[in-house]
Amino acid sequence: MKNTARSAALRALLRCEKNGAWSGAVIDAALREQGLESRDAALAARLCLGVLQNDRYLDYQIDRLARGSLEPRLRSILRLGAYQLLFLDKVPDHAAVSETVSLCRSVGLDRAAGLVNAVLRRLASEKDKLPPIPGEGTAEYLATRWSHPLWLAKKLIAERGYAFAEDFFRANNEPAPLCIQVNRLRVSPEDYIRALERSEIPYRAFPELPGCLELPGGKVTELPGFEEGLFYVQDRAARYAAEAADVRPGMRVLDACAAPGGKSFAAAIAAGGDCEILACDIHEKKLRLIESGAKRLGIGCIRTRCMDARSFAPAFEGAFDRVLADVPCSGLGVIRKRPEIRRKSETEIGALPEIQATILDNLALYVKPGGLLLYSTCTVLREENREQVRRFLETHPDFQIEGCAYFAEGLYEFWPQKDGTDGFFAARLRRIKA
């Protein structure tokens, strides 16, 4: 197969299909292997993510026009062609069709080239007047139009209404901004903004979160000051949660499910580097990422430890002023960044609330009297968020929910269509002094 943007995208898509792999890692690996120039690399990434974001909708359009079953490679090729026709205005229709037919032949599917050509030419002729998807106003329609799980469409419609669910799904199919946090231990937000302006990089600042900047995208390692550790990547919702933990100089902090390290970095910066942070994770590989991130940022107050938060650690009992609990969750709040999450089944995530409850019960014992437990997830399901906090407060009378400048009610649900952030949840829980 010739090394092109489309062949790289196909390789990545097939790996995602086969292994259920994280799209970002797979795309990066495919691009490295093929050594594409920056323009082709950007197109390959756009194609792969676009297909994953819209696979159900693309399949609906393909299956209208193609008869019979399609083997996985052929379906992925047709999805790539259909995505270019329906979503990429800058790719001419004739180029989308011809390049996709060439891709089909390059992988040894010569026998299917005629089918690919016919389906895509028909789709190109209809794309300005596509027949409506049946069932508008139903969960089935939303699941098809916006390529989300049917079970999630039914659940959100029942809990929050049809319009809310559709707005959420639509937002998940839009590009996510790149959100970075300035490392105020090394540079002031004002000075870093000047560096962006010199490089003519547009940004949006948030006064209530000094150094929080949203950029339209781009390669992180090519931004000003990456090697010098002048910033790190963290969504604005997660930064709000980290600030709500109110970490101060001299405190001892446990970040119990720390990877990839953003909350540990935010806590260290908030305390001016004058605190003790223990960042834990169940995977050694992820701990090394935290360590390398802290080194790049010049943060010396973070130690790491391999730990399963589901198991109680007697040595930690009552030992921490702040405990950060960004627990394992379904991840449904970051679908726009990780479209493969759409393939999770309701059964697959059904065991998570019990795991979260076990972790919370353990971590509660690690908080000093008067200390704070900050619970957070990157999901939008009530049973992982509000219901988890309700259960916790009912079974832990020594804790109470406490408001702050960031969360007046002590907890907050972030939604991409409303807040412009990841879907995220955070709750601030104070351990009452004896």
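Biologist: At roughly what angle do the axes of helix α3 and α5 cross, and within what distance do they come?

Modeller: First, a caution: this is a predicted model. In it, the axes of helix α3 (residues 38-53) and α5 cross at roughly 95 degrees. They come within 10 Å. That makes α3 roughly perpendicular to α5.

Biologist: Which residues of α3 and α5 meet there?

Modeller: From α3, take R46, L47, G50 and V51. They meet R79, L80, Y83, Q84 and F87 of α5. By class, this contact of α3 with α5 has five nonpolar, two polar and two charged residues.

Biologist: Helix α5 has another partner, α7. At what angle do α5 and α7 pack?

Modeller: Helix α5 (residues 72-87) packs with helix α7 (residues 113-126) at about 25 degrees. Their axes are 10 Å apart. Angles under 35 degrees count as roughly parallel, so α5 is roughly parallel to α7. The crossing of α5 and α7 is right-handed.

Biologist: Which residues of α5 and α7 meet?

Modeller: On the α5 side, look for L74, L78, G81, A82, L85 and L86. On the α7 side, find L115, V116, V119, L120, L123 and A124. The contact of α5 with α7 divides into eleven nonpolar residues, one polar and no charged.

Biologist: Now α9 and α10. How do they pack, and how far apart are their axes?

Modeller: Helix α9 covers residues 150-160, and helix α10 covers residues 162-172. They pack at an angle of about 135 degrees, with axes 7 Å apart. That makes α9 oblique to α10. This crossing, too, has a hand: α9 and α10 cross in the right-handed sense.

Biologist: What makes the contact between α9 and α10?

Modeller: Helix α9 supplies L152, A153, L156, I157 and R160. Helix α10 supplies Y162, F164, A165, F168 and F169. Nine residues of this contact are nonpolar, none is polar and one is charged.

Biologist: On to strands. In what order do the four strands of the open sheet lie?

Modeller: Start with the general idea. Strands of a sheet pair through backbone hydrogen bonds, either parallel or antiparallel. Here the order is β2-β3-β1-β4, and the pairing is antiparallel. The edge strands are β2 (204-205) and β4 (231-233), each pairing on one side only.

Biologist: Over how many bridges do β1 and β4 pair?

Modeller: Three bridges join strand β1 (residues 178-182) and β4, in the antiparallel sense. For a place to look, V182 stands opposite F231 in β4.

Biologist: Which strands does helix α11 touch?

Modeller: Helix α11 (residues 189-198) packs on the sheet and touches β1, β3 (212-215) and β4. The direction of α11 makes about 15 degrees with that of β3.

Biologist: How many salt bridges are found in the whole structure?

Modeller: The search finds 37 salt bridges. One of them links E126 with R64. Their closest N and O atoms are 3.0 Å apart. E126 lies in helix α7 and R64 in helix α4 (residues 55-65), so the pair ties together parts that are 62 residues apart in sequence.

Biologist: Let us finish with the backbone. Which residues does a cis peptide bond join?

Modeller: The cis bond joins A259 and P260, with omega about 5 degrees. Look for P260 in the loop between β5 (252-255) and α13 (262-270).

Biologist: Which residue has a positive phi although it is not a glycine?

Modeller: That is E200, with a phi of about 55 degrees. E200 sits in the loop between α11 and β2.

Methods
Residues numbered from 1 in each chain as written. Predicted model: local features only at pLDDT ≥ 70, side-chain atom pairs only at ≥ 80, totals over all residues. Heavy atoms only, no water. Axes fitted to C-alpha atoms, helices over the stretch in contact; angles between N-to-C directions. Helix = DSSP H or I, 4+ residues; strand = E, 2+ residues; numbered from the N terminus. Parallel < 35°, antiparallel > 145°, perpendicular 65-115°, else oblique. Left-handed = near helix turned anticlockwise from the far one by under 90°. Contact = heavy atoms within 4.5 Å. Nonpolar A, V, L, I, M, F, W, Y, C, P; charged D, E, K, R; others polar. Pairing = 2+ DSSP bridges. Salt bridge = Lys/Arg side-chain N within 4 Å of Asp/Glu carboxyl O.
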